[in-house]
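Trainee: Could you take me through one part of this structure closely, namely how its helices pack against one another? A plain account is enough.

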Amino acid sequence: NFYFGKPFIWCLLHNYGGTRGIYGNLDTVATGPISAKQTPGTTMIGTGMTPEAIEHNPVIYDLMGEMGWISTTINVDEWLKYYSSRRYGAYSPLTEKAWAILKTSAYSHHWSWNIKSIVDRAPGFGMTTDTGFNASGLVE
């Protein structure tokens, strides 16, 4: 029983409170709306986004923007190859590799509200640089 039979929109609230950072779960964005749409008895009527800060993490919003127009899940690895070509205007094996690394690190975890970019934190002693994911691959 979806929302007591009322129509609903599968909505992405990716950013809460204007928090900036590189984070998100591309696989969830690529499968969640489709799964909800295909569930028997669903009352889902569309997709939406409610960003509380903009101009960051365009990959999340670009992928989510496509979800309302398709009926099958997206292979995120393949989608990222096309995304990097669209974003940078031409194919590059280096950007393809960079996005593959980002997908398995920053964009494959569920963000925690207490992990914030150093830019968003209140100044203080003892600040950490915890990203919430294994960032070692980003140094390549």
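**How the helices pack**

Mentor: The chain holds 4 helices and 2 strands. This is a predicted model, and what follows is computed from it. Read from the N terminus, the order of the elements is β-α-β-α-α-α. Of the 140 residues in the chain, 34% are buried. If you take the contacts between residues at least 6 apart in sequence, 71% of them join residues at least 24 apart.

Before going pair by pair, one general point. Two packed helices are described by the angle between their axes and by the distance between those axes.

Start with helix 1 and helix 2. Their axes come within 9 Å and cross at roughly 20°. Angles under 35 degrees count as roughly parallel, so helix 1 is roughly parallel to helix 2. The crossing of helix 1 past helix 2 is right-handed. On the helix 1 side the contact is made by L26, V29, A30, P33, I34 and K37, and on the helix 2 side by V59, I60, L63, M64 and M67. Sorted by class, this contact of helix 1 with helix 2 has 10 nonpolar residues, no polar ones and 1 charged.

Next, helix 2 (residues 58-67) and helix 3 (residues 76-88). These two pack at an angle of about 115°, and their axes are 12 Å apart. Helix 2 and helix 3 are therefore roughly perpendicular to each other. Helix 2 passes helix 3 with a right-handed crossing. Helix 2 makes the contact through P58, V59, D62, L63 and E66, while helix 3 uses W79, L80, Y83, R86 and R87. The contact of helix 2 with helix 3 has 6 nonpolar residues, no polar and 4 charged.

Helix 3 contributes V76, D77, L80, K81, Y83, S84, R87 and Y88 to the contact, and helix 4 contributes T95, E96, W99 and K103. By class, the residues in the contact of helix 3 with helix 4 are 5 nonpolar, 2 polar and 5 charged.

Now put the pairs together. In soluble globular proteins, nonpolar side chains tend to be buried together. In this chain the largest nonpolar core has 24 residues, and L26, V59, L63, L80 and Y107 have the most contacts inside it. Two or more residues of this core come from each of strand 1 (8-12), helix 1 (26-38), helix 2, helix 3 and helix 4 (93-103). Helix 2 gives the largest share of the core, 6 residues.

Leaving aside residues up to four places away in sequence, L80 touches L26, V59, W99 and K103. L80 is also listed in the contact of helix 3 with helix 2 and in the contact of helix 3 with helix 4. To follow the packing yourself, display L26, V59, L63 and L80, which are among the core residues with the most contacts inside it.

Note on methods:
Residues are numbered from 1 along each chain as its sequence is written. This is a predicted model: local features need pLDDT of at least 70, side-chain atom pairs count only at pLDDT 80 or more; totals for chains, interfaces and linings use all residues. Side-chain values use heavy atoms; hydrogens and water are left out. Axes are lines fitted to C-alpha atoms, for helices over the stretch in contact, and angles run from 0 to 180 degrees between N-to-C directions. Angles under 35 degrees count as roughly parallel, over 145 as roughly antiparallel, 65 to 115 as roughly perpendicular and the rest as oblique. A crossing is left-handed if the near helix is turned anticlockwise from the far one by less than a right angle, and right-handed if clockwise. Contact means heavy atoms within 4.5 Å. Ala, Val, Leu, Ile, Met, Phe, Trp, Tyr, Cys and Pro count as nonpolar, Asp, Glu, Lys and Arg as charged, and the others, Gly among them, as polar. A nonpolar core is a set of buried Ala, Val, Leu, Ile, Met, Phe, Trp, Tyr and Cys residues joined through side-chain atoms within 4.5 Å. Buried means under 20% relative accessible area, exposed over 50%, partly exposed in between (1.4 Å probe, protein chains only).
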